[in-house]
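Keep the sequence and the coordinates open beside the text.

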Amino acid sequence: MDSTIIIEKSVIIVAVFALTMLMAMYSTWAERKVAAWLQDRVGPNRAGPFGLFQPLADGLKLFSKEEFEPNTPNRFLFFVGPAIAMSTALMTSAVIPWGDKLHLFGRDILLQATDLNIGLLYFFGVVSVGVYGIMIGGWASNNKFSLMGAVRAASQMVSYEVAMGLSMIALLMMTGTLSLREISAQQAGMNWNVFYQPLSFVIFLICAFAEANRTPFDLAECESELIGGYHTEYSSMKMGFYLFAEYANMFISSTILAVLFFGGYNYPGMSWAVENWGVNIANVLGFGALFIKLCGFIFFFMWVRWTIPRFRYDQLMHLGWRILIPLSIINIMIVGVVILRAEIFAYLGF
Amino acid sequence: MSIESISLSGRKKLVSNKEMNFWERMYLIAIVKGLIITIQHLFRRKVTIQYPEQVRTMSPVYRGQHQLKRDEQGRENCTACGLCALSCPAEAITMKAAERRADEKHLYREEKYAEIYEINMLRCIFCGLCEEACPKDAIYLTTSKVLVPSSYEREDFIYGKDKLVMPLDIAMKNAQLKNVK
């Protein structure tokens, strides 16, 4: 392996890491702004122009807070919880294709940290490890509210992962690949999967809300019942890590939604742009398109937060097990019939 | 007209407990409706007043900081009759009367004046009854937008004559304006 590929990959990894952190930071700002706008308020506007330095001020505040530790026998786990939450949130961005490729220095550079051929499985695997951060944190806090939040988070994650995976199977039957790069490439033009798989998209969207612990599925940290849920006992930057991980998760979920269903980096007229403007400009525009799509999803996450109230626990379980899972199984069957329609028609003798 | 059909607000709606049909039970339409309502608020005019830079317009009958008036020759009007203290529902006003000496004729309009005149701003409710009670046109609630500043000491909220009496130069300016007319 030559050394240029190491340099190339490390540049991409650092860039993706920086992008994830930056987006998580500015999601907190955007969340407060959107919340304010939807409630006819102005939102943070004192720190810098339009309050753009607000995340820095928040971070500074969290850093300078007292590092409180409850009297817990699981001191190690108490520290590990936020670390797991944060690292899993950052790991998922490795498989996301941010663009097709750039042609620089006489070589093609894929705009992706790694092109795993099981990228989607990797994403699911890492996301489901993310719940351990919450569970361990809630358990090690030695607090019944934290434990309650952790238990809720775990059961919610288990329930919605099933529906999420099943909704993905329908998509995979159509695309025939688990590589996110290939799934993106298949959606060139306006062949976005959302037009072929609307039901999968709706199920995946609902499950993404649950996976990211966002309202209406934020039972794990519902402050009206559980004070703060799993992060009740956390303070200072450990608390900051949990909040940060939540926003990073939201960013990654939005990106995955954009990549799987909304064409990823594709935009109308991309092939024309490649021919006339060159690969580089077309792909920078492609990254811009992906960025706009994922920002749209992030906005949607926040928009829904101020529209739908939190589910009750039994409603959550009812929705997950008795509605979404049967629905996604029906979806799989419909997709199967549509894919094999020629064979079925031939068998029936048409 | 029966009682069921009367609607004073015009927005009366009878609650129906009919069973929801399939689409209503999906809640998707209801969610979309809700999303439309919330997104409309995004484009509404914001109600926030950016306080230090932007101040809410006061009512024309706004009552602010008290002032003890002087007459055209710059003499204090107050004769320490105590009617303001008597009328004060919050019992915020206290005063001590004194007799005017011969060499103080240019300071006080009548033979009796308030040596000490104090209003406890923590008690005052700015009702304006002192102003109504005053027979000598001495105390007025001004439209000053300066509010009582916060402080750590209770003593700081008891305003004496140094803060309440109208400054002499303003009184003279007022008198000049009157003469010009």
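In chain A, Cys207(A) touches Tyr160(A), Ala163(A), Met164(A) and Ser167(A), with residues up to four places away in sequence left out. Contact here means that two C-beta atoms, placed from the backbone, lie within 7 Å.

The model is predicted: local features need pLDDT of at least 70, side-chain atom pairs count only at pLDDT 80 or more, and totals for chains, interfaces and linings use all residues. Residues are numbered from 1 along each chain as its sequence is written, while chains are lettered from A and ligands numbered from 1 in the order in which they are written.

**Cores**

Cys207(A), Ala248(A) and Leu257(A) touch the most other members of the largest nonpolar core, which has 84 residues. Helix H10 (residues 236-261) of chain A gives this core its largest share, 16 residues. A separate, second core has 17 residues, including Ala80(B), Cys88(B), Cys134(B) and Ala138(B).

A nonpolar core is a set of buried Ala, Val, Leu, Ile, Met, Phe, Trp, Tyr and Cys residues joined through C-beta atoms within 7 Å. Buried means 20 or more other C-beta atoms within 10 Å of the residue's own; exposed means 12 or fewer, and partly exposed lies in between. Helices (H or I, at least four residues) and strands (E, at least two) are DSSP runs, numbered from the N terminus.

**Cysteine site in chain B**

UniProt, in an unreviewed entry, lists Cys78(B), Cys81(B), Cys84(B) and Cys134(B) under "binding site". These residues spread over 57 residues of sequence, yet they cluster in space, with a largest C-alpha distance of 10.4 Å. Such annotations may be inferred rather than shown by experiment; positions follow the numbering used here, and feature names are shortened.

| Residue | Other C-beta atoms within 10 Å | State |
|---|---|---|
| Cys78(B) | 26 C-beta atoms | buried |
| Cys134(B) | 20 C-beta atoms | buried |

Cys78(B) sits in the loop between strand E1 (66-68) and helix H3 (83-87) of chain B. Beyond four places in sequence, its contacts include Leu68(B), Tyr113(B) and Lys136(B). Cys134(B) sits in the loop between helix H4 (129-133) and strand E4 (139-141) of chain B. Beyond four places, Cys134(B) contacts Leu83(B), Cys84(B) and Ile139(B).

**Annotated segment in chain B**

The unreviewed UniProt entry also marks residues 26-43 of chain B as "transmembrane region". That stretch is 89% helix and 0% strand, with its end C-alpha atoms 29 Å apart.
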